[in-house]
Structures are given as structure tokens and as C-alpha cells.
Amino acid sequence: MTDIYIEGVSLSITWADARRNLTDLIFDTVRDAVDDAGQDMAAIDSVVLAAHDLVDGRSLSSMVTAPAAGAYLKDETRYADDSAGAFAAAMTRLEAGHNRRTIVAGWGRASEHDPDGFSHALFDPFFGRPVGLDELAVSGLRAQRWLQQYDDADRTQAIERRARQAAANPRALRDGGMLQSAPYPIQHGELPRWADIAVAVVMSCEPTSVKVAGMGQSSDPYQIGDRDLLAMPALRNAVERALADAGTSVADVGLVELDALTGVDDALSAEAIGLAPHGEGLGYVARAGGFNPSGGSAAGYCPPAMGLTRLVEATLQLRGTAGAIQLPEVRRALVTGSSVVAAQTHTAIVLEAA
Amino acid sequence: MSARLAIIGVGQTPYKRAHRDKSSSDLLWEAAREALDDAGLDITDVDVVIQGVAPDALSGENAVEKSAITGVGIPHMRVNTGGVTGSSAAFAGASYVASGRARAALVVAVERMGQSVTSQAAFNTIFDPILEKDFPLTTITMAALRASMSMRLYGYTPYHWAKIAQRNYRNALKNPLAHLHKEYTIEEIMNSPLLAWPIHKFEACPMSEGACAVVIANEDLAAARNPAWIQGIASTTDSYAMGDRFRREGATLVDLVTLRMSAERAYLDAGVTDPLHEIDVIELYSPFSSAEAMTYPALGLCEASEGPAFVDRQGEDPEMPFFNPSGGPQAGNPVSATALVRIAETALQVRGVAGERQRPDVRRALATGQGGATQFSTVCVLGTQRP
């Protein structure tokens with residue numbers, strides 16, 4: 001299979017920047033990624049986007065945004081799913097020989113978006129919506145299920161560490177942002193901090209310092225009642241496939257950048273993918289050195305940009321250019337991204353220092 | 001194409017104004033089951049599912065495609081590229097198979113616009129809210145701009161638009177899945193209500209619901225079945241701003257430069273050098289008959305200036321490809337699925353299983369996709385010959 005590398009990355013997390021419209025945010029970020037790759041647009045042969053009409057507020061958002069992302073007279077497509085999934089799809093295009101160098105970009109502008117309304121309308125109009133389901137409520141249900149079985153003695157430490165990591169991340173949202181009301185038993189410090197995010201990656205078949213070593217994807221059933229909210233089999237499945245694709249195991253991963261809605265989801269996801277024993281996820285995220293040094297959703301959150309955001313953070317760590325949150329000696333990283341509805345579909349990517 | 005791929009299964013629901021008795025999940029599964037049965041596969045035999053859904057706003061449900069996922073494990077991805085959603089989804093499935101990460105991909109697209117109180121209100125949010133909101137720009141007036149520009153530049157008349165529409169409606173009479181089954185005279189078409197000059201109602205597409213699915217497989221799976229080999233696929237995106245394209249040299253609003261670029265790349269892969277004589281059947285994603293005329297020069301079938309004469313010769317010149325044996329989008333336009341329907345219909349023709357609408361001796365067929373403000377274009381060439 002063709003080897004794929006990351007040439008350039010860029011990440012912008014802001015809030016309600018009145019000086020720039022959405023296409024400005026996208027253009028600036030993609031331009032930075034192409035510059036970081038040391039390329040010009042003539043060297044780019046395709047563009048793969050992750051954007052959602054209902055986040056962007058248009059019935060076909062890529063009409064306006066695709067050219068801003070560099071798609072003028074180029075092969076371009078758009079996924080209405082998480083950007084790690086778009087990255088995985090772009091991998092298949094390179095591996096198939098359809099493209100040689102690709103921009104992958106994702107964005108979401110929460111300051112002009114109604115996360116609660118969008119999330120509520122993801123659920124079945126007859127059975128899900130009348131009982132008030134939205135994605136945050138599903139995180140609450142997951143946390144309740146966990147609390148029935150396990151002790152949360154490490155919870156305060158986990159919350160405090162998450163906040164410290166986000167505060168130290170030079171790319172995290174500094175001012176503004178939006179927090180929703182926390183449904184029981186989610187705590188205020190575990191909420192995602194909604195932000196305006198644009199993120200871009202240039203990937204190619206030319207060797208660089210960061211290699212894409214593996215990819216895995218999976219999905220869960222739509223109905224919440226049909227899911228195992230604690231075991232998260234689709235997440236586990238995607239991660240296992242990515243690790244197998246890379247010929248490695250979770251024990252050999254020095255960094256995990258995991259996309260999850262809340263701090264509790266971080267901990268329970270860590271359990272699901274085997275980073276921590278069941279019941280010890282909160283303790284793990286409170287103490288583990290290589291877990292979400294970026295701060296996860298506390299550093300800024302808006303789908304469908306999150307998977308690619310995690311991937312950019314991991315790339316910077318592997319390059320040794322993550323700034324104040326740089327970890328020592330990171331050689332291999334695991335990245336995940338999840339999509340609606342309530343983390344129903346998952347993509348996992350394994351990156352390695354080449 | 002770097003790998004040998006084929007379409008080995010096709011499934012479609014009927015297309016109609018609204019499927020009031022079926023959920024989105026029902027429609028997706030109805031088409032998917034038929035495609036899987038046609039391929040002789042089970043859902044567990046496919047390694048990835050690519051779903052195509054365009055505006056969520058039309059259905060009143062967000063991310064309707066997710067409602068059809070019933071089990072754990074198979075990766076699902078949703079593509080949304082507007083009008084080309086269906087073909088973009090097919091190309092995504094082709095990439096997964098060509099990469100070796102999937103032996104077979106199920107591609108399924110659904111449209112639920114019948115649930116919308118007014119689809120135009122949803123469609124109209126595609127335009128710029130600052131610069132275009134006070135300008136009466138809709139998907140219809142957008143097409144009318146191009147039609148009137150074609151008349152001025154190349155000499156098309158309302159008769160040409162009506163003649164193309166008449167042929168599409170006539171072809172649809174043989175397609176039991178088509179939304180509209182009625183033959184019109186040219187006079188009836190030209191005298192139908194004016195939507196936006198020069199476009200009349202019967203030169204436009206209907207609002208349709210329905211789902212379409214195809215199974216794309218690698219050479220190992222395809223060789224033992226009845227395949228439509230994928231000989232060439234290509235996709236190209238243009239600038240959004242129509243004002244920038246009015247006078248762009250060689251690439252005006254009616255030159256469809258992205259369709260031309262896609263056709264050139266797909267022809268190169270397929271080994272097509274004389275499309276007029278090497279392609280037997282063409283399924284065009286042209287929701288207006290005037291838009292269909294713009295595709296002929298972009299696909300290399302004639303010079304732009306010869307377009308009206310090309311339309312005049314249709315039905316009389318046996319050397320020409322046969323256009324839209326299914327009836328095309330004028331006989332049914334489930335927007336999210338329409339570009340996939342074009343691919344599915346050409347696959348049926350190449351496989352020789354298109355029923356009453358089957359054309360004789362189809363060795364190569366072409367399907368187009370068009371989306372946005374004629375901004376996104378796709379071309380897919382299928383054939384009986386393994387590439």
C-alpha cells in the first residue's frame with residue numbers, strides 16, 4: 001500500500017472574530033497549511049472537505065467554502081462527517097492512486113451556530129426528541145450508567161487536569177466560547193467549550209517527518225437503546241483496526257489525542273479502547289502523561305472539525321513543535337474522530353515519526 | 001483508473017413526489033437490499049458504506065442517513081456535494097475499493113424533499129446572504145440565466161429546449177421507476193407555464209423522493225458476476241461566484257468548464273478519443289432541458305456553436321449516443337440521489353439488464369453529475385470491457 005505522509009498543518013481556534021467571515025477563516029487556515037507544507041497550489045491535485053450545512057447555516061455550504069479551501073478547478077469532495085473520517089477517505093484516494101497531494105480541511109463556527117437545536121434534531125422525531133434527547137444528554141446517560149457501577153473519586157482531579165492542559169495549549173481558545181447547560185451528572189468543568197475552528201492538513205505520498213501508519217473506521221447503530229454506551233464497540237473497533245493496520249498495539253502508543261464531547265466521555269473512551277481498566281478511566285485521564293495534552297474539547301470544540309484538530313495536535317507533537325504542551329520523545333500517536341449521532345461513527349488514525 | 005473496479009449491483013426505489021408510507025431508513029434499505037441482492041452479496045460482505053444526502057433542511061431530520069445504520073462495525077461515511085452528491089459518493093466508494101481497503105462498497109443515496117413545506121426556501125439558502133439575498137436568485141432563475149445566455153451566444157430557441165424535454169418524457173414512459181409518466185407534444189411543453197424566462201414548467205425537473213444504491217466491487221468479486229466496469233471517473237470544482245464566470249475566457253457560465261475537465265480526465269482513463277462514436281448511452285444530470293444542451297460541447301460531442309444543429313439532428317442521426325433512456329432528471333429528480341441514479345442507469349444499460357428501457361448493444365455508457373451553480377461536475381464512464 002502507498003505510504004502517506006503529512007506535509008503541512010494549520011489550526012485556528014477563535015470566537016466570533018468580527019474581522020473575518022467563514023470563508024476568510026477557511027482561506028487563512030488552508031493557506032497556512034499549504035505554506036507549512038512548503039507547497040503552492042499548483043502542486044495540490046485535490047481537496048477533501050469536512051463541513052456540515054447545518055453548522056454552516058446553508059443548504060450547500062461547500063458552494064461558497066470549497067473555493068476558499070483551495071478547490072478552484074480541482075478534484076474536490078465534501079464529507080458531512082467528522083474530519084478524521086474525511087482524512088481517512090483522502091487516504092484511500094492517495095492509496096488508490098487517484099491523487100498525489102491533497103488538502104483536507106474541516107471547520108465549524110459555533111459562534112454562528114445553534115449546537116442545541118442542531119443536536120436535538122439529530123434524534124428520531126417520534127421517540128428521541130420528545131424525551132429531550134440531544135448529544136450532551138447521551139453523554140449524561142453514559143456517565144450515569146458508569147456511575148452506577150464505579151466510583152468517581154478521581155473526578156475532580158480529572159476535571160482540573162483537563163482545564164490545566166487546555167490552558168497550557170497555545171492553540172486553545174483564549175477568550176469567549178460558549179458552554180451549554182450541563183445535564184446530570186455531567187459537571188460544568190467537563191463540558192465542551194464551543195469555538196470557531198478551522199483546521200487543515202496537506203497530505204501526500206512524498207516522505208516527510210510524520211507518516212500515516214494506520215487507519216480504522218467503524219460505526220454503531222442509530223438507536224441509543226441499541227448501543228452499549230460504556231463498551232463503545234464502534235470506537236474500540238475503529239481503534240483496533242487502525243492499530244492492526246499500523247502493526248502496533250495500544251501499549252506502544254506514546255500519545256493519544258481522542259475526540260470526545262465531554263470530560264467524562266474522555267475517561268470512558270479511554271476505558272473502551274483499553275488505555276485503562278474499566279472503572280479507572282477518570283484516574284487514567286487525571287494522571288496519564290500522553291492523553292489529550294491539548295486539553296481535548298476544553299480547548300475548543302465544534303464538529304465536524306474535531307478529528308482533524310486532534311490529528312494536527314498529534315502531528316505537532318511528533319514534529320516536536322507543540323509548544324508549551326510538547327511531550328518528550330513522542331514516536332507514535334493515536335488519533336480519533338467521531339461523528340453524529342452522539343459519536344455513532346468513528347475513525348482512528350495512527351501517526352508515526354518517520 | 002489504477003485498479004479494476006466494477007458496479008455489480010443496482011437497486012432503486014420508485015421515484016415520486018413523496019413516499020409518505022416510508023421512513024428515510026426504509027428507503028435507504030429498500031434500495032440497498034435490492035443492490036446487494038443484485039450483486040449476490042449480503043450487507044456483511046461489504047467493507048464500507050458511503051451514504052449520499054444533500055441538504056438536511058429538505059427532510060426535517062438532521063443526518064437522516066445515520067438512522068439506517070443498524071449494526072456495529074461497518075464504516076459509514078456521508079458525502080454531501082449538492083447535486084453531485086450521488087456521484088461523489090460513488091467515487092468515494094470506488095476509492096475505498098481501489099485502495100484495497102474494501103473488497104466491496106455499498107453506495108446509497110436518499111432524497112426526502114417531499115417532507116419539505118417548500119423546497120425552494122431550503123435551496124435558496126445556497127446563495128450568498130449578503131450580496132445575493134435581495135436579488136431574485138433561485139435554482140430556477142440561475143438556470144434561466146444560463147439558458148438565455150445560450151440563446152444569445154449560440155442561437156438556441158425555445159423549440160430546442162422543448163425538443164430535448166419531449167424526448168426525455170418519451171423515454172421515461174419505458175422506465176417504471178420514473179416519477180413522471182406522460183408524453184407531451186412540443187407545443188404543450190412550449191405552452192406550459194413560464195417559470196422564469198425562457199424556462200417553461202415542462203422543461204424543468206419535478207421534486208422527487210426516492211433512494212438509489214450501487215455495489216462497487218474489486219476485480220475478484222466482479223469477474224464472476226455481471227459487471228459494468230468503471231473505465232474512468234473524474235470530478236472538478238469551480239468558483240462559486242457566477243459573476244466571475246460570465247466573461248471568463250473559454251469558461252463562461254454556459255461553457256461548463258468543470259464538466260469539460262472531468263470528461264477529459266475520464267476519457268483519458270477510459271481510452272475514449274471520439275466520444276460521439278465511442279459512447280452508446282449517455283445519462284445526463286441536467287435538471288432543465290436547456291442545461292442539457294450545455295453539456296454537449298463540454299462532453300466533446302459537438303462545438304458550442306453547433307449545439308442547436310446537434311439538437312436538431314437528435315432522433316435522426318443513428319451515429320449519435322442515445323440520451324437519457326431512463327428519462328433523465330426531468331422525469332424524476334431526487335436531488336441527493338440523482339447523480340447516482342445516472343450511474344446506476346448506465347450500469348444497468350452496460351450490464352444489459354435495463355428492462356424495457358434497455359438499448360441494444362451497449363458497450364460503453366457515460367453518466368454526468370452537476371451541482372451547485374454548475375460548479376461541481378462529475379463524469380463516470382462505464383463499459384463492458386475490463387479496463
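Guide: Cys212(B) is buried, as its relative accessible area is 0%. Buried means under 20% relative accessible area, exposed over 50%, and partly exposed in between (1.4 Å probe, protein chains only). This is a predicted model, where local features need pLDDT of at least 70, side-chain atom pairs count only at pLDDT 80 or more, and totals for chains, interfaces and linings use all residues. Residues are numbered from 1 along each chain as its sequence is written, chains are lettered from A and ligands numbered from 1 in the order in which they are written, and side-chain values use heavy atoms, with hydrogens and water left out.

Visitor: Which cysteine sulfur is closest to the one in Cys212(B)?

Guide: That of Cys380(B), at 12 Å, which is too far for a bond.

Visitor: How many disulfides over all chains, then?

Guide: The count is zero. A disulfide here is a pair of cysteine sulfur atoms within 2.5 Å. Cys205(B) is in none either, and its nearest cysteine sulfur, in Cys212(B), is 17 Å away. Cys205(B) counts as partly exposed, because its relative accessibility is 25%.

Visitor: New topic. How many residues of chain A and chain B are in contact?

Guide: 55 residues of chain A are in contact with 56 residues of chain B. Contact means heavy atoms within 4.5 Å.

Visitor: And what area do chain A and chain B bury between them?

Guide: About 4300 Å², with 54% of it on carbon and sulfur atoms. Buried area is the accessible area (1.4 Å probe) that two parts lose on being put together, summed over both. Ser59(A), Met63(A) and Leu73(A) supply 16% of what chain A buries against chain B, more than any other three residues.

Visitor: How many salt bridges between chain A and chain B?

Guide: Three. A salt bridge needs a side-chain nitrogen of Lys or Arg within 4 Å of a carboxyl oxygen of Asp or Glu. One joins the side chains of Asp81(A) and Lys66(B), at 2.9 Å from N to O.

Visitor: Which element gives the largest share of chain A's side?

Guide: α4(A), with eight residues. Helices (H or I, at least four residues) and strands (E, at least two) are DSSP runs, numbered from the N terminus.

Visitor: What about salt bridges over all chains, how many?

Guide: The search finds 41. Take Arg101(A) and Glu7(A), whose closest N and O atoms are 2.7 Å apart. Arg101(A) is in strand β4 and Glu7(A) in strand β1 of chain A, 94 residues apart. Arg101(A) counts as buried because its relative accessibility is 12%. Glu7(A) is buried too, at 9%.

Visitor: How far apart along the helix are Arg236(A) and Glu240(A)?

Guide: About one helical turn, because they sit four residues apart in helix α8 of chain A. Arg236(A) is partly exposed at 31% relative accessibility, and Glu240(A) is partly exposed at 46%.

Visitor: Last one. Is Ala224(B) buried or exposed?

Guide: Exposed, because its relative accessibility is 68%. Ala224(B) lies in the loop between α7 and β8 of chain B.
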